[in-house]
Amino acid sequence: MSDLPLSGRRLWFVGIGGAGLSAYAQVARAWGAEVGGWDRNETPYLAALAGVPVEIEPEPVVPDGWEVVVSSAYPAVAGRPRAELLAELVSLRRSIVVTGAHGKTTTTAMIAFVLRETGRDPAWIVGGTVPQLGANAGAGEGPLVVEGDESDRSVFSLRPELAVLLNLDLDHHSEYGSRAELEQELERWLARVPQVVRGASLEPATVELAVPGEHNRRNAAAALAALALVGVPRDEAVAALASFRGVARRYDVRGEAGGVTVVDDYAHNAAKIAAAIAAARERGARRVLVLFQPHLYSRTRHSGRALAAALAAADAVAVTDVYAAREQPLDGVSGKLVVDALAELRPGMPVAWSPCPEDGVAFLAHRAGPGDVVLTAGAGDVDRAAPLLLDALA
């Protein structure tokens, strides 16, 4: 096994339970490294790392004798930034990097899935759970397909053979001063990539898909364009893509009770919220009721009105308080900013300020009826509301 590219390396991941570092650890182990790590909590992503030593403790654990790779969530810990290791992994294999404000997890998964289904044995690193792939990472002998993250600028350190830019939207206000700055950084990066697919220049794919919505037809168009550039005939790619059933927390149907369908979605910015509501209507929902959890104080402060404008396409909305994630609270910023803007944009619409998700569950379950879709939306822990809704509706 000494011919594996990471043989002899000992890599310790600080934040190994996250979507990103757990994937890096899986690939690093398959490529010959000894891996271990620390996290504050047990997470579902650790299931794919059975046999790997993982310390679950309140504070970071870093043993001697290991090369330390640090999640961006723990900047105070000394070690190698995760972006550096990802750049190394990308350099070791013919690679495809997918980025953009919307759709990158799904499009990365689409490409990896088609490559696997057509016998091309890909490796992949995806920032979410893809049930059909079995894990958020894989380490085949074929091309490496990677989700590139612009939120912390880590995508700019990657040097793939092919880049897919799906779209451009200012979604990380604490990282970029303006949309123009983000666009400039992306263009500078793309200039160093040999082949580029630009999703904005493509028409939505007119192919059969198992995943709903105009946004997924756009994701499919970008995936098919990328697959063509790496040598997958279109008829093979289209046939495989038709059986792709999506990524967890992307229009994820969690169940039905009392004739009401409960759907969970990662949608946390205006474009994603609008896409999720439109997908529900496309699938024939009588009405769409939304429990929305704002994500990040900075995003809520800068985009509260845009979030409200997207939610205005629903029939009833409950908004929780902000899921802080990596940020500290900001004075005067809460989910009520979205509620107030929504009440102004849609006078008379049933809207609730429900700081706790449980309050929002009660508000929406009381109003939902047969044929309706209740959508839980956000990038935090709002997904825990789906089983509560099903219980309340039953």
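# Cavities, a pocket and helix contacts

User: How much space lies in the largest cavity?

Analyst: About 40 Å³ of space lies there. The model is predicted: local features need pLDDT of at least 70, side-chain atom pairs count only at pLDDT 80 or more, and totals for chains, interfaces and linings use all residues. Residues are numbered from 1 along each chain as its sequence is written, and side-chain values use heavy atoms, leaving out hydrogens and water.

User: What makes a space a cavity and not a pocket?

Analyst: Take a 1 Å grid over the protein atoms alone: in a cavity a 1.4 Å probe fits but cannot get out, while a pocket is an open set with protein on both sides within 12 Å along at least five of seven lines. By this rule there are two cavities of 30 Å³ or more. The second largest cavity holds about 30 Å³.

User: Which residues line the largest cavity?

Analyst: Thr-99, Gly-100, Ala-101, Glu-150, Leu-165, Asn-167, Leu-168, Asp-169, Leu-182 and Leu-186 line the largest cavity. Lining means having an atom within 4 Å of a point.

User: How many residues of that lining are nonpolar, polar and charged?

Analyst: Five are nonpolar, three polar and two charged. Ala, Val, Leu, Ile, Met, Phe, Trp, Tyr, Cys and Pro count as nonpolar; Asp, Glu, Lys and Arg as charged; the others, Gly among them, as polar.

User: What lines the second largest cavity?

Analyst: Arg-94, Ser-95, Ile-96, Glu-161, Leu-162, Gln-195 and Val-230 line the second largest cavity. By class, three are nonpolar, two polar and two charged.

User: What does the second largest pocket look like in numbers, and which residues lie nearest its centre?

Analyst: The second largest pocket has about 190 Å³ of space. Its lining has 14 residues, and Arg-245, Gly-246, Val-247, Arg-250 and Tyr-251 lie nearest the centre. The lining divides into eight nonpolar, two polar and four charged residues.

User: How do you know which residues of α5 and α6 meet?

Analyst: Contact means heavy atoms within 4.5 Å. Ala-220, Leu-224 and Leu-227 in α5 meet Arg-234, Ala-237, Val-238 and Leu-241 in α6. That contact has six nonpolar, no polar and one charged residues.

User: What makes α3 and α5 parallel or oblique?

Analyst: Helix α3 (residues 104-117) packs against α5 at about 45°, with the axes 9 Å apart. That makes α3 oblique to α5. From α3, the contact includes Met-110, Ile-111 and Val-114; from α5, it includes Ala-220, Ala-223 and Leu-227. By class, this contact has nine nonpolar, four polar and no charged residues.

Notes. Points joined across faces, edges and corners; volume = space filled by probe spheres on them. Helix = DSSP H or I, 4+ residues; strand = E, 2+ residues; numbered from the N terminus. Axes fitted to C-alpha atoms, helices over the stretch in contact; angles between N-to-C directions. Parallel < 35°, antiparallel > 145°, perpendicular 65-115°, else oblique.
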